[in-house]
Every structure is written in C-alpha cells, then in structure tokens.
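These are my notebook entries on one structure. I went through the points that a new reader might wish to look up.

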Amino acid sequence: MTLVAGVDTSTQSTKVLVCDADTGAVVREGRAGHPDGTEVAPAHWWAAFGEATAGGLLDGVAAIGVGGQQHGMVLLDEAGEVVRDALLWNDTRSAGAAADLIAELPGGAADWAEAVGLVPVASFTVTKLRWVAQHEPDVAARAASVVLPHDWITHRLNASSREQTTDRGDASGTGYWSPATGEYRPDLVRLAFGRDLRLPRVAGPAEVVGETADGALLAPGTGDNMAAGLGLGLRPGDLVVSLGTSGTVFGVSATPVTDPSGTVAGFADASGRHLPLVATLNAARVLTAVAGLLGVTLSTLDELALSAEPGAGGLTLLPYLDGERTPNLPDARGLLNGLTRANAGPANLARAAYEGMLCGLADGLDAVRALGVPVERVLLIGGAAASPAVRAIAPGLLGVPVSVPEPAEYVALGAARQAAWALRGTPEAPAWPVSAAEVPAGPAEGVRKVYTDVRDRAQALLR
C-alpha cells in the first residue's frame, strides 16, 4: 500500500490524515490544538504539527499536502524569520483599510473585482498588509516577504528547496493575485504596503515543490476551502455549504467569476478551475453561543429547535455575533427581532439560531447562483452538519436537494488527495469515492422572507 498524508492547519487545530493513495481510505490520523485568537505566532502551528504527527504517524508516507486557513498574513524578514504574529482571516481590525483600498482604485469595487476577482474586506491579506504598514511601521520596515499559513508550513517541511511556494487556490484569496490571468498584481501590493514584497511562486495544481527530510514528496498545498472541494470531488452542479467556525458556500466554475458587489469572491480552486465562494464569519459559533446563553448542551439545543414551529413564533435572529463578512459589517452585532411575551421561550430562541445561521448561508447560495454557477444539490459539511436540527431545517431554507457526505476531515482529505496526485503525476487527481446521503426537506413557511425583511431593515442600524 502506498501512503500519502494530508494536513489541515485550520484556525483551531492541526489535523493530519494518512491515506491509501489509491482509494483514499484513512489509515491513521492525529491532531493537536491551536491557541485561540485572531492573531497567532506561526510557531504554534509548527508545534501542533509535531504533536499531531508524533509517534511515527508519518512513517512510510510517500507524499504530503498541506491545506491551510486562507488569507492569514505571515510576514517574513530577509532571513525568512517571522516578524510578527500572523493576522488571521477572522481578524477584523483592517476593515478601515479595506474601505480605503477600495476607494483608492479609480473604479472602486468594480476595478478590484476585475483585477483580482474579489473586493477587499477585512478578511483578505491585502487589507492586513495596509493595516501593518499604517499601524506598525517598524514591523513593516523589517518585512521582506509575505506568505500564507499553508505556504509557511509547506516551506518548513521542505528540506530540498529554500524557495517559497504557494498554489493558485490560496493565492486567489490574497487580493493581489488574479485568477483570470494567473499572475500577481505587484502594483496592488505596493498600493497596500507602500513598497514591493517578495511573493511565493505559484506552483501548478499537482506539482512537486520539494521533499521532506524523510524523503516524502511535497505537493503545493492549497487553501482550506479548495482542499475541501478536492476532498469532496466536487463536480459542476454541486454547491458546498460548510458549517464550521465560519460558514462558506462554494462551487465549481470552469471560468473566472467576478462580482463587483463583493458578495462572491472569485477564487481559483486546487484543480485548475475556479471556486466562487461566499463566506460568513458566524456559523456553528452561533449555535454554541445560544446554547451557552440558554445553559444547555448542543444536543439539547437541537431538541429545543426541533420542538418549535418554523419561524420560531415570529422570532428572527440576525446572527452577526462577531461582526460579519457577508454582508460586509465588520463592526455589527447580533440582532434579535420580533420578541414578544408569547414567543419568549428557549425553544423559539433555539429555532431562531438555526434559522438565522442557515438563512445567511441561503443568501450566499442565491448570490453564487445569480452569477451563473449551476446549483443542482448542496453538500452539507462541517461540524454543525451532524446536527439533527440543521439537517431538518436546511433543505427547506436552501431550496435545493441537500446531501450530507459521510463525516470526514475533508480539508485534510483533499490535501492528501493532492499529495497522491502529485505522487502519481497523472493529468487528473485520483478518483477517491465519497458517499453522501440525501436528507428530506422540511417546511420553511416563509422563514426566508421574514429573515430577508429583517435583514434589509436592519442594514442602516448595523452599519
């Protein structure tokens, strides 16, 4: 059996899967946690990788791929040493920088979408470069290059080359690489940072970029959403709704997608195609927050939500608990609308939490479909996809058939599949089977319309 490994260096933890290169079957796995926060010293990721792979986990592995949280800014000096803690995707301090950068191109948001397939928000790397340049000039002066979290881990693993590399998927989330042309936009780096920085070479989807000290080949790696798409074997017509720390909606497109509104980011994927994506900051964390507020477990929250009627008795939750990325409201807070003595109960609040979270993602689905991306079914993944209430409520709100793939670490699995692809050197990635069960649609009864009305009326208040 030939073994490959996939690494998921996510916001919360490092997960490593060792898989059969032919079938994708998981042979062994390990994990270790990361510190909480929106800025983290990259050394913690490396320590977590060491902990997750301890005890010979990688013995006999022929190739490794790394999937990583997108957008995180890792600044390096001339010697390749980290000059400050990495600012992560969920750090919203650069919201003002994003607004400034949009205004500084003559055509504003439309010019940004045309140039790099996205419109700056606080999540994207380009805005973090501007923030550091403005607020930490001494740090900025020491910086010689900028890489992303998966790039940094891949480089640490690479014992055969000093060259920094990335891939087109993760590069497409920076705000200074164009999925349409396949080239960096150094002028946008200069606009954001005030001068040039060295940028990692963008490797091909299945290129071998080096090897580890133990002789395992290194695949280029990719961003977490791109790796999940590869792990799921996405095909045209599939749309993924991922319910993790953040929420994402993404699908496959043969051509670049641009959205001047900034709702849909026109990313590239890990296979040579494109990955239009909508992201929300608030997904499963909404459920844990409401469970904590009610003093119940998540399983009890499920039971409470399922005991309430659709629409939660008129209670609507706009779940912008940590600000929001889509819509772009980084300083917003959550809003509970329609509270009366009649509906003021745990069951309705629980139901409103699930409905609010899923309505936000349903808006994302509509935005992707409006750009011409076909939507035939939704694949529901992420930790909250296991929730009985999520499965019962999602099909009615999303409005298309919903299937739940068997539970798996799809980011790490996609990274492992990329490693197998690089190892084989074939034109296409190996065909690893993924089974998914369709879930029946439940009633929605106007929930989307009420949510949309509340959302639209609240926009001025929340901005």
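By about what part of a helix are tryptophan 46 and phenylalanine 49 separated in helix α1? I looked up helix α1 (residues 42-52) and found the two three residues apart, so they are separated by about one helical turn. I note here that the model is predicted.

**Entry 1: aromatic rings.** I next examined the rings of this pair. The count of aromatic pairs comes to four. For tryptophan 46 and phenylalanine 49, the ring centres are 5.5 Å apart and the planes stand at 15°, so I recorded the pair as stacked; the cut-off for stacking is under 30 degrees. Tryptophan 46 is partly exposed, at 26% relative accessible area, whereas phenylalanine 49 has 7% and counts as buried. I also looked at tryptophan 131 and found the charged end of arginine 93 over its ring, 4.8 Å from the centre.

**Entry 2: the loop between β5 and β6.** I located glutamine 69 in the loop between β5 (61-68) and β6 (74-76). Leaving aside residues up to four places away in sequence, I listed what glutamine 69 touches; among them are Thr9, Thr11, Trp45, Trp89 and Asp224. Histidine 71 is in this loop as well. I noted that its phi is near 75°, a positive value in a residue other than glycine. Histidine 71 is buried, at 3% relative accessibility.

**Entry 3: two further loops.** I found alanine 312 in the loop between α11 (298-307) and β20. Its phi, near 50°, is positive although the residue is not glycine. Alanine 312 is buried, with 0% relative accessible area. I then turned to proline 327, placed in the loop between β20 (316-318) and β21 (335-337).

**Entry 4: an open sheet.** I traced an open sheet of seven strands with mixed pairing, in the order β18-β19-β17-β16-β22-β23-β24. I recorded β18 (265-268) and β24 (436-439) as the edge strands, each pairing on one side only. Direction ignored, neighbouring strands of the sheet are turned by 30° against each other on average. Strands β22 (residues 375-381) and β23 (residues 402-405) run parallel and are joined by two bridges. I found valine 378 opposite valine 402 in β23.

Technical notes:
Residues are numbered from 1 along each chain as its sequence is written. This is a predicted model: local features need pLDDT of at least 70, side-chain atom pairs count only at pLDDT 80 or more; totals for chains, interfaces and linings use all residues. Side-chain values use heavy atoms; hydrogens and water are left out. Helices (H or I, at least four residues) and strands (E, at least two) are DSSP runs, numbered from the N terminus. Contact means heavy atoms within 4.5 Å. Rings of Phe, Tyr and Trp (its six-membered ring) pair if their centres lie within 6.5 Å; planes under 30 degrees apart count as stacked, over 60 as edge-to-face and the rest as tilted. Buried means under 20% relative accessible area, exposed over 50%, partly exposed in between (1.4 Å probe, protein chains only). A charge sits over a ring if NZ of Lys or CZ of Arg is within 6 Å of the ring centre and within 35 degrees of the ring normal. Two strands pair if DSSP finds at least two bridges between them. Axes are lines fitted to C-alpha atoms, for helices over the stretch in contact, and angles run from 0 to 180 degrees between N-to-C directions.
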